[in-house]
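Dear colleague,

Please find the structure below, handed over for your records. A summary of the findings follows it.

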Amino acid sequence: MMLEHGKESRLVPDYVLGLLPAETAEAVESHLTTCERCREAASRERLLLAEVRQTVTSATRPVPGRIRRLMPAPPARHTFLPALNSGAWQPLAALALLVVLFLGVVQRDLFLGQPASDSILSSPSATSLIATATPTPTATQATEPAQTQTYRANYPVLSNLVMSPDPAGTPLAALPPAQLNNKQSPSSNP
Amino acid sequence: MTFPEQALSSWPVGHVAPDHDLDGSLIARCLAGEEVAYTSLYERYAGYIYRLTFSLLQHREDAEEVLQDTFEYAFRKLDHYDADKASFKTWLYQIAVSRCRNKRRRKWLPTFSLSHWLGERLTDIENPTPDEALALSGRQRRIWQALQTLSPKLRETAVLRYYEELSYKEIGQILGIPSKTAESRMRLAHKALKEVLEVESDES
């Protein structure tokens, strides 16, 4: 591959920096053997590279002993839970999260009195746990409207917390949403 | 001369091929909990990382801080290092360059706006200690200051090519850019450096 002199002289910096394709680099190298002017240009480029390297060598020389003192401490090793030293802690954390969620659901079922048919705890032992947490209906509650009695049956613990024993004074919070519209404040009525 | 002193005093002018077997052995010992292996790994590469960060940031305290950050992160994430993707030295350089970029971003306002617009160059070289002043000739000071005029992107490429003599593929891997982009940045950096030095030599 033969190149014109002007083009080759422009390629000298790229040649020195290793930016040329192999074939073009060979052509420039071949040209340098015959052209003194380009050889001098290449020498100046190489000198600049060497000067830059030497400059950085001198300018970045560290204070003796300083580098060694800057070493950070190796990471702590967990002896109580060796699994934390490896990548195994992530599946363990996921398992722990599942256990916490499961226990949270159980607690909700126990204390919010979810209907037994909707609860994930359908086993007889779980049902007996719900039964013990459910208070028995009183005589006053037996005279309540059917809808209220159904509410008490489905949410025994919650209903005893929020509902008054007097059926006539049933708080709004205890009513199903469908009835709330009829029980809004008097100012909303025409 | 002990190994770390040797590593620090003789900056590798040519590219030194990393010893993958030794690195792999040290890394395995580190992961097994051997603290001496961490020290060996640090002493093997601290000099390279320090010179790289100092070249990029041109501030000694910042370079030392980034050196510590780099190895603290590398030690903590040693189990994530994948020898199939890159050599350990390349991986360390990736971390160091990233930390340098973060450092520059945090110091953007005070170092870019005022000092740059006033034409002042606030680096250690401007206020060298007596020992440091003797270490740099007039020509070397001009070259060091010329490097400051390069944008961070060009300076990163120039440092990795001029000093480490890494291939453009390796430079691209470290900087997270295609090798062709690394080549064009190097071309621009070299041209800019020459122009600055020519202007300064004309003025002097």
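A polar contact is taken here as a pair of N or O atoms within 3.5 Å; within protein, one of the two must be able to donate a hydrogen and the other to accept it, and residues adjacent in sequence count only if both atoms are side-chain atoms. By that criterion, 16 residue pairs are in polar contact between chain B and chain A, both residues having pLDDT 80 or more. The pLDDT condition applies because this is a predicted model.

Helix 3 of chain B, residues 35-57, gives the most to the side of chain B that touches chain A, with 10 residues. At least two residues each are supplied by helix 1 (3-9), helix 3 (35-57), helix 4 (60-76), helix 8 (138-149), helix 9 (152-162) and helix 11 (179-203) of chain B. The residues on this side of chain B divide into 26 nonpolar, seven polar and 13 charged.

The interface also contains salt bridges, and the count between chain B and chain A is six. In one salt bridge, the side chain of B:Glu64 meets that of A:Arg66, with an N to O distance of 2.8 Å.

As to the extent of the interface, 46 residues of chain B are in contact with 31 residues of chain A. The size of an interface is often given as the accessible area lost when the parts come together. For chain B and chain A, the buried area is about 3,600 Å², with 65% of it on carbon and sulfur atoms. On the chain B side, B:Tyr42, B:Arg51 and B:His190 lose the most area to chain A, and together they account for 14% of what that side buries.

Helix 9 of chain B deserves a separate remark. This helix is mostly covered, with nine of its 11 residues buried. The buried residues of helix 9 of chain B include the charged B:Arg155, B:Glu156 and B:Arg161, together with B:Leu154, B:Thr157, B:Ala158, B:Val159, B:Leu160 and B:Tyr162.

Turning to chain A on its own, the chain has 10 helices and zero strands. Of its 190 residues, 30% count as buried. The accessible surface of chain A comes to about 12,500 Å², and carbon and sulfur atoms hold 62% of that surface. Among contacts in chain A between residues at least 6 apart in sequence, 34% join residues at least 24 apart.

With kind regards

Conventions
Residues are numbered from 1 along each chain as its sequence is written. Chains are lettered from A and ligands numbered from 1 in the order in which they are written. This is a predicted model: local features need pLDDT of at least 70, side-chain atom pairs count only at pLDDT 80 or more; totals for chains, interfaces and linings use all residues. Side-chain values use heavy atoms; hydrogens and water are left out. Contact means heavy atoms within 4.5 Å. Buried area is the accessible area (1.4 Å probe) that two parts lose on being put together, summed over both. A salt bridge is a side-chain nitrogen of Lys or Arg within 4 Å of a carboxyl oxygen of Asp or Glu. Helices (H or I, at least four residues) and strands (E, at least two) are DSSP runs, numbered from the N terminus. Buried means under 20% relative accessible area, exposed over 50%, partly exposed in between (1.4 Å probe, protein chains only). Accessible areas come from the Shrake-Rupley method with a 1.4 Å probe; for residues, only the protein chains shown count as cover.
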